[in-house]
Amino acid sequence: LNDIAEVHAGHDQFEAAVGVLYEALTLRPGDNKSLVNLVEVHKRQNQTGKAIEVLERQLESTPDSIQLLNILGNIHFEAGDTKKAEEIFTQIVTGHPLNVNARIKLGRIQILKDKLDQAYELFEPLINSLVKKHRDEKAIGLLGLILESQKPHLPALERLALIYRSNKEMKKLEVVDRAILDELRKQG
């Protein structure tokens with residue numbers, strides 16, 4: 001039934017897809033794949049309210065479903081409801097501190113609120129893990145989210161310099177060191 005619903009949705013036959021997915025949920029209540037597909041169909045129809053309603057109804061019976069909480073938080077984040085998204089992602093990070101999606105989204109919300117130190121604290125364990133795994137590009141990407149804001153953030157710049165120094169990328173290190181010096185001069 002999920003495959004049939006995906007075919008319907010692929011042909012923009014959303015009502016047929018929704019009907020098939022509700023049939024699947026009748027046969028197997030609470031099936032995550034059917035729920036996720038139903039939410040995706042509602043999102044494609046620009047019916048985020050219905051998608052949220054489906055998720056919240058399911059979360060009443062399975063309140064600790066990290067997958068569903070992440071989807072719900074992402075929907076609120078995409079809709080611009082950062083307050084509700086922050087509540088959801090904070091709940092996830094509190095219970096599951098290593099959840100990558102929740103940490104990144106919560107960090108992005110902190111950046112939007114101009115709380116760069118909090119964003120850095122959220123990203124730091126992820127950055128440490130990425131550097132240990134020699135996935136420096138992804139670590140630099142997380143630091144870049146902080147550094148894209150209008151205010152320079154000294155701890156993020158220093159960490160970026162450390163990564164460039166360890167990889168012997170001297171031209172990039174020089175640019176970051178100049179930015180650090182400029183920021184230190186501004187701070188006196």
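Author: Helices here are DSSP runs of H or I with at least four residues, and strands are E runs of at least two, numbered from the N terminus. By that count, Ser-34 lies in helix H3, residues 32-44. The model is predicted, so local features need pLDDT of at least 70 and side-chain atom pairs count only at pLDDT 80 or more, while totals for chains, interfaces and linings use all residues. Residues are numbered from 1 along each chain as its sequence is written, and side-chain values use heavy atoms, with hydrogens and water left out.

Reader: Why is Ser-34 called buried?

Author: Buried means under 20% relative accessible area, exposed over 50%, and partly exposed in between, with a 1.4 Å probe and protein chains only. Ser-34 has 1%, so Ser-34 is buried. Ser-34 touches Asn-2, Leu-21, Ala-24 and Leu-25, leaving aside residues up to four places away in sequence; a contact means heavy atoms within 4.5 Å.

Reader: How do you know that Asp-136 has no salt bridge?

Author: A salt bridge needs a side-chain nitrogen of Lys or Arg within 4 Å of a carboxyl oxygen of Asp or Glu. Lys and Arg count as positive, Asp and Glu as negative; His and the chain ends are not counted. For Asp-136, which is buried, the nearest side chain of opposite charge is Arg-159, 7.6 Å away. Asp-136 is found in helix H9, residues 136-147.

Reader: Why is H1 called roughly antiparallel to H2?

Author: Helix H1 (residues 2-10) and helix H2 (residues 14-27) pack at an angle of about 170°, with their axes 8 Å apart. H1 is therefore roughly antiparallel to H2. Angles under 35 degrees count as roughly parallel, over 145 as roughly antiparallel, 65 to 115 as roughly perpendicular, and the rest as oblique. Axes are lines fitted to C-alpha atoms, for helices over the stretch in contact, and angles run from 0 to 180 degrees between N-to-C directions.
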